Structure formats: structure tokens, C-alpha cells
Amino acid sequence: MTMTPQEVQQHFMAYLEATECTVIEKSPEHVTVKLSPQADKMLTNRPYYWGFVERTGAPAETLSFSFVFDPPKYDERLAKQAESIPISQPGGGQDPLLSRYYGSAPVLPVIGPGRVQREDIIYGSRRLSQIWDASREEGKCVYLFEQPGGEQRPRTRSAPYEQWLAICFKVEFSCDLKREELHFLGISLSRKTIMDNFPAQLEDRNMTPRLPENVHVRPAVLTLPQAAAMLEDYLISKLGKLDYTWAEQAQIRLQEELAIVDSYYEDLLNEPDEEKKTAIQEQYQSRRSEMEWQYSPKVSLSAITCGLFHLCSSSNGTS
């Protein structure tokens, strides 16, 4: 798997926008931003500084970065810009009289919060992996409301909102081979309706973390643990109807591998020396355990992310 610079930029910009970073400059090849406090805490590894800010209440100074998504094109553009700028005389920008008597003052590097650091962001870079890790950590659970449009918002009465618990499950089918599937399910906490492919229900909807005006949330008849258990039972029932020929084939391969191991150790286990025989038996059992772990078919289920979504009942076809 790989990603183009444009795809990397889309992923990166989505995180910067979600964390409300301030964009200073942007081009097709790069973006210069001043990090928000949330992004600075997650990306810059400055726990002592943020601990000081939180203890003293001092105003926070976040760092600025130039993230370059296409380094060759960006460097080429910088080189062309440098060629178009005339070379200034020594001591340019300084007082000529002071320079005459005291010489030109050296240009000092910019350090501290005002410094803009450059980082190349390409597929496989450390910073991109850090962004993904931060997104997974901060986006494990969301709490959102649908922003109603003009045609959805009643003028004379409060609009009913329905609560949906959505969970993204990862199902892993493994033996000596491995395959993974993602199942994003949703359940209505008021109607107990379960919906496959819940992201399709979120398309073309504007979501906000704030409760819109003039709306009310319908009472739930399910608690969150009950709803999560129903989704898990539903998915397990769905997985039970799949074709598990692959598991039967894995068992056959397992028996073949165990037969090879047994054949190899058959004569070795007849070792007359008890001390050597004990070591061989331990090695034999360890080898069999490795084969069983590698070839035994397994199905594992885990929840990756979840969210509580409040959707307008009229747009869900409910009254």
C-alpha cells in the first residue's frame, strides 16, 4: 500500500482542521500552520511545558510548522523564487552608519515559538504515523448532532432527534493467512433498530458537536451497554452464517504440519539419555505449540471506534 502526495495532504489537512490549527500559508505542495493547543500537546512532545502552563495559567505559545507534502516540487519552487530575488549588498537591512564603524551584525537564527520548522510529510514518515496515532487516540469515541437544514427545522415546534449508537468493529480471520473486515453498525436507542453500513446514513449530513437550537432528544429505551451488547450479538450471528471452508482447509494444513513435526522427532524421542530426552521433549512440545498457534483457525472481534449520533427523526423516516 502507498499514498500519493495529494492523499497524504488530505489526511493531514483533515487532522489540522479538526484540531482547529491556524493556517498561515498554503500551496499545493505545503502548508504552514500554527498549531492549536490540542495539536501541540499531541504532536510536539512538550509535557513539561504544558504542565507549567496548566499549573501557572500562563498564556500558551504553540509552535509553527511548514509541512511539505511534495518536497521535490516545493524545493524547485523555492529555488525559482530565490533566483528572482536580487542579491542584496552585505549588511543590507542594517543602519549604514553603524555598519561603517562597528561592522555588519551577524544574522541570528530565529528560535523559540516564532520559529517555523520545516517537516517533509510523505507516506511512511514519522509525523504522518504520529498524526494517525493521535487521530485514533482522540477519535475513539465521538458525540455529534446533526445540523438541521432549513427544510428540516420546524419554526413552531421543537424538532425530535433520535440517538444512534454506532460502533466500528474489526473482524480478523486468521490462520497461517489473515484477512480483516470492518463492520460499522448502528442501533437506535429508542427503537432498537439495527442498521448495517451506518456511515451511509451520515452522508450528506452536517454534523456538529453542539446541540442545535430548538430541538429535543427522544428518550432512550436502551442503555449504552445494552445497545453495544445487541450490536455485538447481531454481528456474531451474522458471522456465523459465513462460509468457513478456509478454516477446514487450515485444519488440514495444521495436521500436515504436525505430522511432519511428529515424524522428525519420532526417532529423537527414543534418546536413552534422560537429560537429553527431556530437552528434546520440551523442544518437541514447543514446536507443536508453534504450529497450532500459527495454523489453527481463529476469528477475533474487537471494537475500534464508537460514537453517539443524534439524527433528526424526520430525515430517518420516523415520526
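Is E290 buried, exposed or partly exposed? At 40% relative accessibility, E290 counts as partly exposed. The model behind this value is predicted.

**Salt bridges**

The whole structure holds 17 salt bridges. Three of them are set out here.

| Pair | Closest N to O distance |
|---|---|
| E146 and R205 | 2.9 Å |
| E290 and R287 | 3.1 Å |

Take E290 and R287 to begin with. Both residues sit in helix α10, which spans residues 274-295. They are three residues apart, about one turn of the helix. R287, at 34% relative accessibility, is partly exposed, and E290 is partly exposed at 40%.

Salt bridges with shared partners join D75, R118 and D120 into one network. D120 has a relative accessible area of 37%, so it is partly exposed. R118 is partly exposed too, at 38%.

E146 and R205 form a salt bridge. E146 belongs to strand β5 (residues 141-146), while R205 lies in the loop between α7 (199-202) and β9 (207-208). The pair therefore ties together parts that are 59 residues apart in sequence. E146 is buried, with a relative accessible area of 3%. R205 is buried as well, at 13%.

**Around P71**

P71 lies in helix α4, residues 71-84. Its relative accessible area is 15%, so P71 is buried. Beyond its neighbours within four places in sequence, P71 contacts R118, D120 and I122. P5 is 66 residues from P71 along the chain, yet their C-alpha atoms are separated by 9.5 Å.

**Nonpolar cores**

The largest nonpolar core has 20 residues. Those with the most contacts inside it are F12, Y15, L16, V31, F67, F69 and I121. At least two residues of this core come from each of α1 (5-18), β2 (30-34), α2 (37-43), β3 (64-68) and α6 (126-138). Helix α1 gives the largest share, five residues. Apart from this core lies another, of 18 residues, including L165, F173, L231 and W246.

What does I121 contact, leaving aside its neighbours within four places in sequence? I121 is in contact with V8, F12, F67, V68, F69, R127 and L128.

**Cysteines**

A search of the whole structure finds zero disulfides. C21 is buried, at 13% relative accessibility. C168 is buried too, with a relative accessible area of 10%.

Technical notes
Residues are numbered from 1 along each chain as its sequence is written. This is a predicted model: local features need pLDDT of at least 70, side-chain atom pairs count only at pLDDT 80 or more; totals for chains, interfaces and linings use all residues. Side-chain values use heavy atoms; hydrogens and water are left out. A disulfide is a pair of cysteine sulfur atoms within 2.5 Å. Buried means under 20% relative accessible area, exposed over 50%, partly exposed in between (1.4 Å probe, protein chains only). Helices (H or I, at least four residues) and strands (E, at least two) are DSSP runs, numbered from the N terminus. Contact means heavy atoms within 4.5 Å. A nonpolar core is a set of buried Ala, Val, Leu, Ile, Met, Phe, Trp, Tyr and Cys residues joined through side-chain atoms within 4.5 Å. A salt bridge is a side-chain nitrogen of Lys or Arg within 4 Å of a carboxyl oxygen of Asp or Glu.
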